[in-house]
Amino acid sequence: MRITFAAAEVAPYAKVGGLADVAGSLPQALAALGHDVRVYVPYHRTIDEAKFGIPASGRTRSVPYGAAHARIEYPEITRDGARVVFVRSFRIGRDKVYGYPDDAKRYALFCRAVLADLADGPPDVVHAHDWHAALLVPLAAKARELRGSATAFTIHNLAYQGRTSADVLRLVGLARSRLAIEGRDEANPMARAIAAADVVSTVSERYAEEILTPEFGEGLDGLLRERRDDLWGITNGIDTNFFDPARDPHIGAHYTADDQKGKAACKAALQKETGLSVDPAAPVFGVIGRLVEQKGVDLLTAVAPWLLEKGGQLVVLGTGEPAYEAKWRELAAKAKGKAALTLGFDAALAQRIYAGSDFFLMPSRFEPCGLGQLISLRYGTIPIVRAVGGLADTVHDLDAHAGKGNGFSFGKYEAAAFADAIQRALHRYRADGEPWSALRARAMREDHSWTASAKRYVEMYAAASKARRAA
Ligand code: GLC
């Protein structure tokens with residue numbers, strides 16, 4: 001199949017969150033299955049041309065945009081069997097991927113530019129990700145040249161829908177006729193993609209069920225229920241060649257499920273690097289990600305002092321809401337040697353935290369899939385999570401599944417429930433039941449590669465093509 005992806009961020013070129021990891025590894029997994037895959041991503045100004053060998057120029061097109069035309073250039077490269085096409089325009093590329101008042105317009109133009117480039121060689125499937133690429137779905141659905149192309153839309157996070165003024169529709173040539181869900185003069189790109197796509201998917205089976213309810217539906221649960229028969233839940237994989245404690249170039253010592261000695265060295269090195277007291281017996285808890293509501297930052301903040309009192313050490317890497325950043329700075333300053341905070345994103349340090357921690361904390365309020373828990377399992381770091389979305393699908397509580405579990409989980413979004421899960425984890429860690437190394441080995445041996453999920457995407461694409469033919 002000829003498959004075209006469009007996404008705002010694609011690792012390793014530009015990364016803000018998990019979307020980049022998926023858009024940067026699923027195409028390669030599909031290519032490995034023999035498919036012809038092309039990935040479109042905006043040419044953000046931070047992308048390092050020299051490092052990735054991106055040519056200085058590419059084919060150009062004049063793309064209709066409002067009353068005028070925008071000149072777009074499409075330099076491209078090939079990585080691990082998939083073509084990566086950068087969509088270059090001064091109107092789109094900036095220093096940050098998101099966060100500008102005209103994001104809605106930037107991304108609408110991105111979608112229009114991808115459409116223009118597809119008209120010459122229509123793919124079998126156009127697969128758009130999240131709200132930034134969402135308008136590509138209705139655009140492709142109505143383009144004559146793309147009559148034979150099926151459309152797929154993947155929701156990585158329903159909380160961000162790209163709601164904006166209906167003016168953007170006119171800019172890219174879409175009809176303004178409203179969806180029931182849109183307000184007057186409002187456009188909701190994500191809703192439009194959900195309504196128009198041949199198939200819709202999200203990144204875990206549990207989240208696919210959750211978003212049909214008002215609690216997780218973010219106002220779109222009604223629309224999603226209408227699309228229920230075409231809604232797929234496919235759990236994300238990770239790039240297990242990249243995330244591999246046996247080879248990871250960013251960590252000080254390598255290890256495997258059978259020979260875990262290197263993990264102790266990674267832990268000591270992490271304690272040293274981040275200013276924690278170097279103590280092999282102190283359980284180290286890692287936190288990596290955005291310090292925002294979704295990730296349960298209020299629960300983390302509430303539980304942290306207690307965790308430190310219990311003898312735990314905390315290593316936090318992330319950025320987020322300023323109020324929380326301030327609280328965490330204060331906590332880290334008070335707990336020297338026990339809590340370490342790095343505000344920012346540092347991919348190499350992230351790998352050292354995955355490798356050097358004993359536990360990984362993810363008390364999310366909601367979690368479409370979550371990749372941190374999958375990476376930590378791969379590094380033998382035991383996840384402690386709230387049982388929602390993809391976390392519920394991938395982490396199985398050790399106390400509930402004796403001899404089979406791979407982590408600890410809790411249900412209610414409450415500090416007490418989170419603390420209880422941590423308490424149970426500490427108890428296991430210190431008690432002499434199943435040896436910790438055996439538990440770790442089991443976690444490390446789980447298969448969270450793309451192999452199984454990439455095949456399910458192929459099934460979904462076949463269903464999308466069938467739906468398109470029937471239409
Ligand atoms: C978003 C979601 C996260 C998911 C990722 C990749 O960042 O919040 O749960 O893992 O997308 O699909």
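The C-alpha centres of domain 1 and domain 2 lie 32 Å apart in this predicted model. The contact between the two takes 18 residues from domain 1 and 17 residues from domain 2, where contact means heavy atoms within 4.5 Å. Domain 1 comprises residues 2–237 + 451–470, and domain 2 comprises residues 261–447; such bounds come from an automatic or database domain assignment. Residues are numbered from 1 along each chain as its sequence is written, and side-chain values use heavy atoms, with hydrogens and water left out. As the model is predicted, local features need pLDDT of at least 70 and side-chain atom pairs count only at pLDDT 80 or more, whereas totals for chains, interfaces and linings use all residues.

The largest nonpolar core has 128 residues. A nonpolar core is a set of buried Ala, Val, Leu, Ile, Met, Phe, Trp, Tyr and Cys residues joined through side-chain atoms within 4.5 Å; buried means under 20% relative accessible area, exposed over 50%, and partly exposed in between (1.4 Å probe, protein chains only). Helix H3, residues 103–118, gives the most to this core, with 11 residues. Helices (H or I, at least four residues) and strands (E, at least two) are DSSP runs, numbered from the N terminus. Both domain 1 and domain 2 supply at least three residues each to this core. The residues with the most contacts inside it are Leu30, Phe153, Ile155 and Ile194. Beyond residues up to four places away in sequence, Ile194 touches Phe153, Ile155, Leu158, Val200, Leu220, Leu223, Leu224 and Arg227.

Val126 is located in strand E7, residues 125–129. With a relative accessible area of 1%, Val126 is buried. Among the residues that Val126 touches, not counting those up to four places away in sequence, are Thr4, Leu118, Leu136 and Ala152. Val126 and Leu136 are 10 residues apart along the chain, and their C-alpha atoms are separated by 8.4 Å.

The ligand is surrounded by 13 residues, each with a heavy atom within 4 Å of it. The closest are His156, Asn236, Glu367, Cys369 and Gly370. Polar contacts (pairs of N or O atoms within 3.5 Å) include one between an oxygen atom of the ligand and a side-chain N or O atom of Asn236, at 2.8 Å. A polar side-chain atom of Gln294 lies 3.0 Å from a ligand oxygen atom, and a backbone N or O atom of Pro368 lies 3.5 Å from an oxygen atom of the ligand. The protein covers 94% of the 310 Å² of accessible area that the ligand has on its own, as computed by the Shrake-Rupley method with a 1.4 Å probe.

Methods:
A polar contact is a pair of N or O atoms within 3.5 Å; within protein, one must be able to donate a hydrogen and the other to accept it, and residues adjacent in sequence count only if both atoms are side-chain atoms.
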